[in-house]
Amino acid sequence: SKIFSSRRGFFKNMALTTVESSAEGYISVDRYSSSLIGKIGIAETVLRPSGKVSIDGENYDALTEGSFISRGDKVRVTRYETGQIYVVTE
């Protein structure tokens with residue numbers, strides 16, 4: 001039907017027409033995945049259970065594997081799942 005046509009009709013201005021390629025600097029969520037496992041960092045915020053950590057000068061959202069982690073504590077990345085890093089106190 002004309003209403004669902006990609007060239008005309010109601011939806012013509014709703015379809016995305018651009019491509020975001022890695023050659024242009026776009027990256028997917030999985031940019032740090034397993035490369036962070038085992039790395040040591042610092043808790044930039046309190047983690048109870050989530051917060052921010054700094055690893056190699058970059059800030060990441062993280063979840064604690066154990067108990068509360070205070071701001072400034074050393075942390076180690078233990079695993080990575082579905083775009084989330086998990087840390088424990090080092």
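Two residues are in contact when they have heavy atoms within 4.5 Å of each other. Keep that cut-off at hand for this tour of a predicted model, in which local features need pLDDT of at least 70, side-chain atom pairs count only at pLDDT 80 or more, and totals for chains, interfaces and linings use all residues. Residues are numbered from 1 along each chain as its sequence is written, and side-chain values use heavy atoms, with hydrogens and water left out.

**Stop 1: the barrel**

Switch to a cartoon view and look for a closed barrel of five strands, running β1-β2-β3-β5-β4 with mixed pairing. From one strand to the next, the twist averages 55°; axes here are lines fitted to C-alpha atoms, for helices over the stretch in contact, with angles from 0 to 180 degrees between N-to-C directions. Strands (E, at least two residues) and helices (H or I, at least four) are DSSP runs, numbered from the N terminus. Two strands pair if DSSP finds at least two bridges between them. In general, strands of a sheet pair through backbone hydrogen bonds, either parallel or antiparallel.

**Stop 2: β1 and its partners**

Now select residues 40–43, which are strand β1. Three bridges join β1 to β4, and the two run antiparallel. Show Ile-40 and you will find Arg-76 of β4 opposite. On to β2, residues 50–55, which is antiparallel to β1 and joined to β1 by two bridges. Ala-43 has Val-53 in β2 as its bridge partner. Between β1 and β2 of this hairpin there are six residues.

**Stop 3: along β2**

Stay on Val-53, which also stands opposite Tyr-60 in β3. Six bridges join β2 to β3, again antiparallel. Next, click on Ser-54, also in β2. Is Ser-54 buried or exposed? Ser-54 is buried because its relative accessible area is 16%; buried means under 20%, exposed over 50%, and partly exposed in between (1.4 Å probe, protein chains only). Beyond its neighbours within four places in sequence, Ser-54 is in contact with Gly-41, Ile-42, Glu-44 and Asn-59.

**Stop 4: Glu-65**

Finally, select Glu-65, in the loop between β3 (58–64) and β4 (74–81). With a relative accessible area of 33%, Glu-65 is partly exposed. Leaving aside neighbours within four places in sequence, Glu-65 is in contact with Thr-78, Arg-79, Tyr-86, Val-87 and Val-88.

Which side chains make polar contacts with the side chain of Glu-65? Show Thr-78, at 2.9 Å, and Arg-79, at 2.6 Å. A polar contact is a pair of N or O atoms within 3.5 Å; within protein, one must be able to donate a hydrogen and the other to accept it, and residues adjacent in sequence count only if both atoms are side-chain atoms.
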